[in-house]
Amino acid sequence: MEKKSYGMLDVAKFISALLVIAIHCAPFIEINETLNFVYVQIIARLAVPFFFMASGWLFFRKIDASAGWRDENNLCQLKHYWKRIARIYIIWSLLYVPLLALSWIQGGFAMATLLRLVRDFLFNGTYYHLWFLSALLWGVPMVYWMYTNWRRQAVLIVSLLLYVIGMAVNVYGVLIMNIPIIGSLLKLYESVLVTTRNGFFFAPIFLTLGIYVDEIVGGRYKKQSVLAFLISFAAYTGEALALRHMGIMNDLTSMYALLIPAVFFLFMFLMQFSFRSNFILEGMRKQSLLIYVSHIYFVYIWLYIFPNAHLWVYLLSILCSYVFSVLVLKLVRRWPRCKVLM
């Protein structure tokens, strides 16, 4: 029997990795601020939630919820997944130490710097784009425990409530900061964990939706999912533009309310396409991770060389991270130990 692959998901993951690069180099900022905003703060913000949803779909289809969280096979799957993500996270955290050292040299190093490094390693990502891996390390076990102990409706409700709380802080924090008690709690939280864009508030809802999508996807929903995505994406765009008009956007703003249906229906549509597995799709699947984890180095270098040419920085960073991913895959075939990078 020929192995089947959801090829469009592999393609979408690859494109999503390229979109993440845009978030970190504002490609159209010198051309048009509105164009840059739409590309970076709306289109590119679909990428990381999509990664979470794909991760949830891939992992939880291996889990038998009825067997409970103590089930040997379930725990084996969880441990294997967690160890793999932890290994990748630790390896790339170490690889980014040189960039961290440069920032310490420029800004000074003190005990507070070390404490921030420990906090970021645990919760926010040792280097800022690595927060996705850190969030998986916290979010997957959380959803695993809920999924194997509660009804699925309860998992969805709790995950959604966590996202709403996180969104209130991530998007509307500047508005609620002056509310008595709530504002003080928010300041205390941010002084410790900085942001709610993490494995506790951001990741669970998209991981959970990855569980649900497998149950309702079918060929008969193809047209409906396209229409639903177009409507939800239009509404999501309107939400982002309204927040911009209100003047409460910032670099970390990413927890939009209508991001949830937009990503869900996009994923649901892409799930309609099933292709035979081939080396191109498998390569794109692996390259998406390598591009994601490596691109900051290239963005850093090209921004230093071309500080006022962000579009060139974007294109060159895409090219370099892609070439890097190809080279790593070739190295893995020759020296399997290089697989620790992915």
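Modeller: Start with Asp-10 and Arg-285: their side chains meet in a salt bridge, 3.0 Å from N to O. A salt bridge here is a side-chain nitrogen of Lys or Arg within 4 Å of a carboxyl oxygen of Asp or Glu.
Colleague: Which helices do Asp-10 and Arg-285 lie in?
Modeller: Asp-10 is in α1 (residues 7-23) and Arg-285 is in α14 (residues 279-305), so the pair ties together parts 275 residues apart in sequence. Helices are DSSP runs of H or I, at least four residues, numbered from the N terminus.
Colleague: What should I know about the model itself?
Modeller: It is predicted: local features need pLDDT of at least 70, side-chain atom pairs count only at pLDDT 80 or more, and totals for chains, interfaces and linings use all residues. Residues are numbered from 1 along each chain as its sequence is written, and side-chain values use heavy atoms, leaving out hydrogens and water.
Colleague: How many salt bridges does the rule give?
Modeller: Two. In the other, Arg-119 pairs with Asp-120, with the closest N and O atoms 3.1 Å apart.
Colleague: Are Arg-119 and Asp-120 buried or exposed?
Modeller: Both are buried. Buried means under 20% relative accessible area, exposed over 50%, partly exposed in between (1.4 Å probe, protein chains only).
Colleague: Which residues of α6 are buried?
Modeller: Thr-113, Arg-119, Asp-120 and Asn-124. Down the axis of α6, its buried residues fall within an arc of 125°, so they line one face. The arc is taken from the directions from helix axis to C-beta atoms.
Colleague: And which residues are exposed on the other side of α6?
Modeller: Met-111 and Leu-115.

Conventions: Helix = DSSP H or I, 4+ residues; strand = E, 2+ residues; numbered from the N terminus.
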